[in-house]
Amino acid sequence: MNQTISRLIMNRIGLGVLTLWIVSLVIFIITNLLPGDAAQELLGQSATPETLAALRTQLGLDLPIYTRYIQWLGGLLVGDAGYSMVNGMSIMELIWSRLPNTLVLAAFAASVSVPIALSIGIFSAMYRGSWFDRYINMMAVFAVSVPEFLIATIAVLIFAVKLGWLSALSHVESAHTFGEMIKVYAMPVLTLCSVLVAQMARMTRAAVIDQLSSPYVEMALLKGASPMRIVLRHVLPNALGPIANAVALSLSYLLGGVIIVESIFNYPGIATLMLNAVSTRDMPLVQGCAMLFCFGYLILVLIADICEIVSNPRLRK
Amino acid sequence: MTELVKVSGLRVAVRSGGADIPIVHGADFSLKKGEVLALIGESGSGKTTIALSLMGYARSGCHIVGGSVQVAGVDVLTLSPHQLTKMRGRTVSYIAQSAAAAFNPSKTIMDQVIESAMIHKTCSRKEAQEKAIGLFKELALPSPETIGERYPHQVSGGQLQRLMAAMALITDPALVILDEPTTALDVTTQIEVLRAFKKVVQERNTTAVYVSHDLAVVAQMADRIVVLKNGEIQENNVTREILEAPTNEYTKSLLSAMKPETRQDTVEQKTMDLNTDTPLLEVRHLEVSFGNKKVLHNIDLKIRRGATVGVIGESGSGKTTLARSIVGLVQASGGNTYLDGEQLNEHATKRTREQLRRVQYVFQNADTALNPLHTVEEILARPLRFYHGMKGKKQRDRVLELLSLVHLPASIANRRPTELSGGQKQRINLARALAAEPDIILCDEVTSALDTVVGAAILELMADLRKKLNVSYLFISHDISMVQAICDEVVVLYSGFKVEQGAGESFQRPPFHPYTQLLIDSVPELQQGWLESTNANHETLPTISAAKQNVELCPFLDRCAVRIEGKCNRIIPARIKLPKGNQILCHHTFVNDLNSQSVQRHEQKNALVESV
């Protein structure tokens, strides 16, 4: 670690904080532009204007928008995202009750998809144009273009309905042993992976092919290095930056983009929480979830950036 | 002595659209142990392809069709992929053309130098590192103990090329292949690298194949030369015979292309032009900075109508920046440019169309300067429309006229740049500039990407155009022998300073600025033994005390062979005028000290040439 590296990393962190602030502003304004509010939603169509006004005062909805924004942002900074307008529970508590489930699902999906994707990407780059490469390529295009609800539905049809090996719904609470865990997570993870692997593998392949055509690879070949050695010792260190970015972009999808998978398998994660919040117009909860997704995304991109900076020898001392 | 390498009937082909197109048609040659054999030819002659087949390797798209390649008693072409990896880097090793690209940017130099020893397990890591340090010393690399800890971007191009030689020699291979190892280097760096290579080759009695397009370089290194053209061997003989008594017509044409002809045509024109007061283009006190780094210092330059001014210097001397600043692509931090006495805006976008039309730029690399998706006609029609508002038949006729001006057939108009040869592309590049009907053309290394014979033809064309159109040139190059032959006036740049300026002829006789002297001494000559006899970089530099800080001292101080203690490291040098008319930035007046010495040297050399 030298000064240039730490300066670059501080720079990225600063940019991340700035992005987060802008996102908070946008989220707050947009959620307030939506027609109807929690008071209307709670009291229904038959509410009198007087009761509505009273509830609005009670919920603090009559304050000017900037006062509410500052209160909300100040709360976020100390880890208090406010209270749900629907059931009055702390938003942080609501999120914490679901976040571990989402993280476990994400971790499962990542730990399966990343190694598979990287190996597929590297091998198809090494044997470019071979039947393996072409076949994998076709599969990848297929997996990306088929909507995930279809994959999920087909998986349910085969494994739950026809074969009866797995349950169609994910009862997380019932999973105690490792075997049970696998049964619960198999289908959601399978569905998520089929999309993730294809994306990451294609980007890895491109990054590795880019490096394989460079003169230093020819030089290594003429030094008598085996294909495996060339890829592991010479190509990967140089392809690390682009690969890390591809992985980060794909994994960020695991935080907020899994709504369909969570809904189909009735999985108690963050995405379904946000979905419910939207349908009940529970704006503080929507805002809290959105901020969380943005935060997670920025963390992943930051890690990828750091990988890229640290793997660049020109910045090392 | 036994034959280490025996190649017979070697044929290599390119697979294109299902058919094999042969690019090497049955090459036969052999090489004894301890001999250095040169493969020489222009681009596309198959020299690198043949050299790589000695390692059983063909670049993607190519494949070896037939023949046999015996190296140390084994036919390389019959080996399995696994046996080939055992042989590569162990029996035969390779030194690539561009060391900057052939080193992995993310690994330390030491790791890469000893890698083949690690792969082939010829010794332990520690032994290999010690051996590498020994080789670094032999190759005269600075701080041999620690240079291996650095990354490739932390050392210079010339050093990388020598480090690559250490990489090739670490396993004590039976044969070393050097593929244009000095082509990407400046002449002054090339000479250092050549000396280092020659020393290790002689001391270790290395058997080597040296691939090059440069006969003068090869004459220093090789015992035997194989001349190639279009994948066929033209002549194969010992170096002395090839240089002095070539039998093949092609070899003779290569030899004659090496000697640039001095121009005799512009004398009357020049005397006429001297009378006109306003120069066509003038640069006054030009300074350019990139960030805090000043890359051009106080440059003055005048170009008269119809004159050719050459700018020479090594990479990083600021010669391209000067041209880019004149056309307004790089902004000056001080000074101005004038066209016919009228000041030009420093931004190209803020100049009038007429000003833009009068100053045209020809880029170094025609491959990247021409849009590959446009036809030749579209490329040439664009400036015609833009500057002259031409349309329809008039435009079409002018395109054909321009093509005939650069000696290209009209049929080429419908082709795209990818379907043209390097020389043809450079002609189109030139025609594109001519389409604007400019007063001055800035030519940035227009021949350096071309083969000698093709480049000579381009220069001839440019001289011809100058006579026809009375256009001026600013000719940027790194090749002093070429510049002094074709230019009326020559400017020598060193790290952003104009260190010498004078008439083209004046560069044929000393005295010179010490840097110009070094440049001239570094240009390889077509005779064996030149490398040992030239003075360039040979003498150890006079020791001087630390330079005074915060003073703009002579830029050449660190490399100067005639620097003076108390003067060069203390005082700003003055711009002085030599008796022969040249202006130099130096403390030496060359009246008696150096002058006599270098004149003497020059006369000795002439006497030598005449006696031969």
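Q: In which loop of chain B is Ala72(B) found?
A: This is a predicted model, in which local features need pLDDT of at least 70, side-chain atom pairs count only at pLDDT 80 or more, and totals for chains, interfaces and linings use all residues. Residues are numbered from 1 along each chain as its sequence is written, while chains are lettered from A and ligands numbered from 1 in the order in which they are written. Helices (DSSP runs of H or I, at least four residues) and strands (runs of E, at least two) are numbered from the N terminus. On that numbering, Ala72(B) sits in the loop between strand 4 (62-71) and strand 5 (74-75) of chain B.

Q: How many C-beta neighbours does Ala72(B) have inside 10 Å?
A: Ala72(B) is not a glycine, yet its phi is positive, at about 50 degrees. A residue is buried with 20 or more other C-beta atoms within 10 Å of its own, exposed with 12 or fewer, and partly exposed in between, with C-beta atoms placed from the backbone. Ala72(B) counts as partly exposed because its C-beta neighbours inside 10 Å number 17.

Q: What phi does Asp340(B) have?
A: Asp340(B) belongs to the loop between strand 14 and strand 15 of chain B. With 13 other C-beta atoms within 10 Å, Asp340(B) is partly exposed. Although Asp340(B) is not a glycine, its phi is positive, at about 55 degrees.

Q: Which strands stand at the edges of the open sheet of 4 strands in chain B?
A: The sheet has the order 12-11-14-15 with antiparallel pairing; strands pair if DSSP finds at least two bridges between them.

Q: What is the bridge partner of Leu281(B) in strand 14 of chain B?
A: Strand 11 (residues 281-290) and strand 14 (residues 334-339) of chain B run antiparallel and are joined by 5 bridges. In strand 14, the partner of Leu281(B) is Leu339(B).

Q: Which residue takes a positive phi in the hairpin of strand 9 and strand 10 of chain B?
A: Strand 9 (residues 224-229) and strand 10 (residues 232-238) of chain B run antiparallel with 6 bridges. Leu228(B) stands opposite Ile233(B). The hairpin has 2 residues between the strands, and the positive phi, near 45 degrees, belongs to Asn230(B).

Q: Where is Pro511(B) found?
A: The peptide bond joining Pro510(B) and Pro511(B) is cis, with omega about 5 degrees. Pro511(B) is in the loop between strand 20 (497-503) and helix 21 (514-522) of chain B.

Q: How many helices does chain A have?
A: Buried residues make up 33% of the 317 residues in chain A. The C-alpha trace of chain A spans about 85 × 60 × 35 Å along its principal axes. Its secondary structure comes to 0 strands, and its helices number 13.

Q: Which helix of chain A supplies the largest share of the side that touches chain B?
A: In all, 15 residues of chain A are in contact with 22 residues of chain B, a contact being two C-beta atoms, placed from the backbone, within 7 Å. Helix 9 (215-222) and helix 10 (227-256) of chain A each supply at least two residues of that side of chain A. The largest share, 4 residues, comes from helix 9 of chain A.
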